[in-house]
Amino acid sequence: MDCGIGTLIVLLHLCVPFGEGSPMEFGANSGLRRCGRVYLTVSSSQDTSLELNWITDCVHPDNLKPDYVALYNYDVKDRSEEAPPLVKIRASDFSSGYYKTKIKFGHPWLPGNWEYRETLTRADPGPHCFPYWIASFRGSNIIDTKCLGIQPTWMNDNRLQIGTQKIGNLFIPGTHNSGAFNGVPKFLENYILNQDRSVWTQLVHGIRYLDLRIGYYDGDGFYVNHDLVRITKVAQIFKEIRKFVQLAPKEIIVVDFHRFPYPSNFNATLHEKFVSLVYDYLGDLALPPGGLQVGKGPTLNEIWAQNKNVIICYADKAVARENYWLWQPLQQHWADTKNVDNLKSFLSKAIKEHRVTLNPMFALMAELTPQPIDLLFRTNNLRKLANDVNRKLTMWFRDEWARDVNIVATDYFLGNDVINVAIDTNINR
Ligand SMILES: *[C@@H]1O[C@H](CO)[C@@H](O)[C@H](O)[C@H]1NC(C)=O
């Protein structure tokens, strides 16, 4: 990979203003990586506080540096409202472009009629906002504004721009241990849960890759596991995936049955039983790989032409070969480190050195991992580690690696802006 050219292309792509939330109060966009561009994240810690983020590391340090950054519960561009902001800070007091507010996001209902219920039959396509908007100002001029929102139908919304891209070349936002979001005793949560939103909520936000580890318990059936700890029955997760693609039929979801940690001898009988359960729930939605697992795989247009939405990857090669609708194992690059610098150099190397496998896609596991000693001393729990790295992930994938990645799976994904970075990258790739 030519880093010089790669970086230049990333910078050029960032100068293209995106979406509706790009007011051009200053005329032509003079900065490449525009100063004062804003986005909201949700803290990965228990408090779920809203976090203000703005770009300070500008390519052209011009006069677009914001004077202040504020949080509103309405769209500040809609000048008919004049209520004061919830939070307002001087940007120069926070040179890293980050401020954690005391406003709790919690677990609000999903806008656009996307809140999950078994009887749900329709929801509103397109992006939707929670009632939180961030804005950056120079004097009284708005530099940029953006809401915290969901992107339930981003693939279809952008089908004209992204339809010709191959699935292995798309920037696909994902979650790590996607099923590990609740259902374990309190004292285990900190080391077992990698998420705090349901699979449904992840999909509604825009996540399109699910990493699932499967366990089998005599009498109780199949569970999503985190290693040896069982978390939740697989059936509910399958129902949510199914419901989601019924409501959003052009979204493509990669479901990766990545490991079968329990029992340790997850034998052929269990695989057969599990595959038949998956087929019952998702078989009719599954895109058979057929001759598609070559090079970077099929384009989105080719997938849409088949009216299938779910790509099911299976970690056991032989089982995948025996079932025409299963894809070969998907390679995950996992650093297994709790050190931020090590993670960055590992990911950078993985991007450069990745070689095509039997499956045209590959996943970067962009999270830190506690080490055994941390469990012993109750240090470096998963929320803390996600907090340590999520902000940096946004910058790495936006400013350095946007062009070269495929699947990026994170912990506590609302703590980073990878979904929006992925969408913007795909539109401009
Ligand atoms: C596979 O494992 C299951 C569950 O432990 C067991 O009931 C079954 O007999 C095993 N099958 C074979 C062929 O070993």
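This is a predicted model: local features need pLDDT of at least 70, side-chain atom pairs count only at pLDDT 80 or more; totals for chains, interfaces and linings use all residues.
User: How do you know which residues belong to domain 1 and which to domain 2?

Analyst: The domain assignment gives domain 1 as 5-15 + 152-428 and domain 2 as 38-122 + 129-149. Such bounds come from an automatic or database domain assignment. The C-alpha centres of domain 1 and domain 2 lie 27 Å apart. The contact (heavy atoms within 4.5 Å) takes 30 residues from domain 1 and 31 residues from domain 2.

User: What makes up the area buried between domain 1 and domain 2?

Analyst: Buried area is the accessible area (1.4 Å probe) that two parts lose on being put together, summed over both. For domain 1 and domain 2 the value is about 2400 Å², and carbon and sulfur atoms give 54% of that area.

User: How many polar contacts cross the interface of domain 1 and domain 2, and which elements supply the side of domain 1?

Analyst: The rule finds ten residue pairs in polar contact across this interface, both residues being at pLDDT 80 or more. A polar contact is a pair of N or O atoms within 3.5 Å; within protein, one must be able to donate a hydrogen and the other to accept it, and residues adjacent in sequence count only if both atoms are side-chain atoms. On the side of domain 1 that touches domain 2, the elements giving two or more residues are α5 (199-205), α6 (234-247) and α12 (382-400). The largest share, seven residues, comes from α12. Helices (H or I, at least four residues) and strands (E, at least two) are DSSP runs, numbered from the N terminus.

User: Why is the pair Asp417 and Lys146 called a salt bridge?

Analyst: A salt bridge requires a side-chain nitrogen of Lys or Arg within 4 Å of a carboxyl oxygen of Asp or Glu. The N to O value for Asp417 and Lys146 is 3.9 Å, and the pair therefore meets the rule. Side chains of opposite charge can pair when their charged atoms come close. The count between domain 1 and domain 2 is one salt bridge.

User: Why is Asp417 called buried, and where does this residue lie?

Analyst: Buried means under 20% relative accessible area, exposed means over 50%, and partly exposed lies in between (1.4 Å probe, protein chains only). Asp417 has 8% relative accessibility and therefore counts as buried. Asp417 is placed in the loop between β16 (407-410) and α13 (418-428). Leaving aside neighbours within four places in sequence, Asp417 is in contact with Tyr39, Thr41, Lys146 and Thr394.

User: What makes Asp196 and Arg383 a salt bridge, and are these residues buried or exposed?

Analyst: Their side chains meet at 3.6 Å, N to O. Asp196 is buried because its relative accessibility is 15%, and Arg383 is buried because its value is 12%. Salt bridges that share partners join Asp196, Arg197 and Arg383 into one network.

User: Why is Arg90 called exposed, and how is its salt-bridge partner Asp93 classed?

Analyst: Arg90 has 53% relative accessibility and therefore counts as exposed. Asp93, at 46%, is partly exposed. The closest N and O atoms of this salt bridge are 3.5 Å apart.

User: What are the corresponding values for the salt bridge of Asp124 and Arg122?

Analyst: The closest N and O atoms of Asp124 and Arg122 are 2.9 Å apart. Asp124 is partly exposed because its relative accessibility is 28%, whereas Arg122 is exposed because its value is 51%. By this rule the count of salt bridges comes to 19.

User: What is stated about phi of Asn177 and phi of Arg378?

Analyst: Phi of Asn177 is near 50°, a positive value in a residue other than glycine. Asn177 is in the loop between β8 (172-175) and α4, and its relative accessible area of 3% makes the residue buried. Phi of Arg378 is near 55°, again a positive value in a residue other than glycine. Arg378 is in the loop between α11 (372-377) and α12 and, at 49%, is partly exposed.

Note on methods:
Residues are numbered from 1 along each chain as its sequence is written. Side-chain values use heavy atoms; hydrogens and water are left out.
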